[in-house]
Amino acid sequence: MRREAGEDVMGILPHRFGHDERRVGRRAVTDLNGRGDDVDRHCRPRGIVAMDDEHRIALTPDGVRELRGHDVTVLIERDAGIGSSIANDDFAAAGARIVDRAEDVWERADLVVKVKEPQEHEFGFLRPGLILFTYLHLAAYPHVAAELVAREVTAIAYETVQRDDGSLP
């Protein structure tokens, strides 16, 4: 999937977990397929540590409408909003283009918006000039910070965005 010359493209990616999540303290360790394979069906390394019951999506159809009103192409990975009860049809009706693979979003978007910091299996998609808007928590994940710097990504952490008066948006 190629981008048209001069086209502004924003990509939205979900953060999904599998069906077999076991509680370990305050975190869950995911083993989707139960066979001990190294990679699950979402191309996420087996044994990834993540928060329980993660169903957030970084943008709603209202946000898509707003961006489309400014002539920004919005790509959303198929079923990205399912965990938040937002159907593909809702995103499409707002003007988003639904794409089948996360890879299509990463490769085509100038700006990627997601909920969770980049996971190791996503590092290969980071590239110079990419803008990433997500929760980063870089103090807790210095290896993510190192990857972002090495790959020359402009990363904006949700947790650092404030209004002029210091309040959160």
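Across which strands does helix H1 lie, and at about what angle does helix H1 run to S5?

**View 1. Helix H1 against the sheet strands.** Helix H1 (residues 61–69) lies across strand S1 (9–12) and S5, and its direction is about 150° to that of S5. Axes are lines fitted to C-alpha atoms, for helices over the stretch in contact, with angles from 0 to 180 degrees between N-to-C directions; contact means heavy atoms within 4.5 Å. Helices (H or I, at least four residues) and strands (E, at least two) are DSSP runs numbered from the N terminus. The model is predicted: local features require pLDDT of at least 70 and side-chain atom pairs pLDDT 80 or more, while totals for chains, interfaces and linings use all residues. Residues are numbered from 1 along each chain as its sequence is written, and side-chain values use heavy atoms, without hydrogens or water.

**View 2. The open sheet.** Six strands, in the order S6-S5-S1-S7-S8-S9, form an open sheet with parallel pairing; two strands pair if DSSP finds at least two bridges between them. Strand S6 (97–99) and S9 are the edge strands, each pairing on one side only. From one strand to the next, the twist averages 20°. Strand S5 (residues 73–77) is joined to S6 by three bridges in the parallel sense, and Glu77 stands opposite Val99 in S6.

**View 3. Stacked rings of Trp106 and Phe125.** The whole structure contains three aromatic pairs (rings of Phe, Tyr and Trp, the latter by its six-membered ring, with centres within 6.5 Å; planes under 30 degrees apart are stacked, over 60 edge-to-face, the rest tilted). Trp106 and Phe125 are stacked, at 5.8 Å centre to centre and 10° between the planes. Trp106 belongs to helix H3 (residues 102–108), whereas Phe125 lies 19 residues away in the loop between strand S7 (111–113) and strand S8 (131–134).

**View 4. Edge-to-face rings of Phe133 and Tyr158.** The ring centres of Phe133 and Tyr158 are 4.6 Å apart with the planes at 85°, so this pair is edge-to-face. Phe133, Tyr135 and Tyr158 form one aromatic cluster.

View 5. Buried means under 20% relative accessible area, exposed over 50% and partly exposed in between (1.4 Å probe, protein chains only); Trp106 is buried, at 1%.
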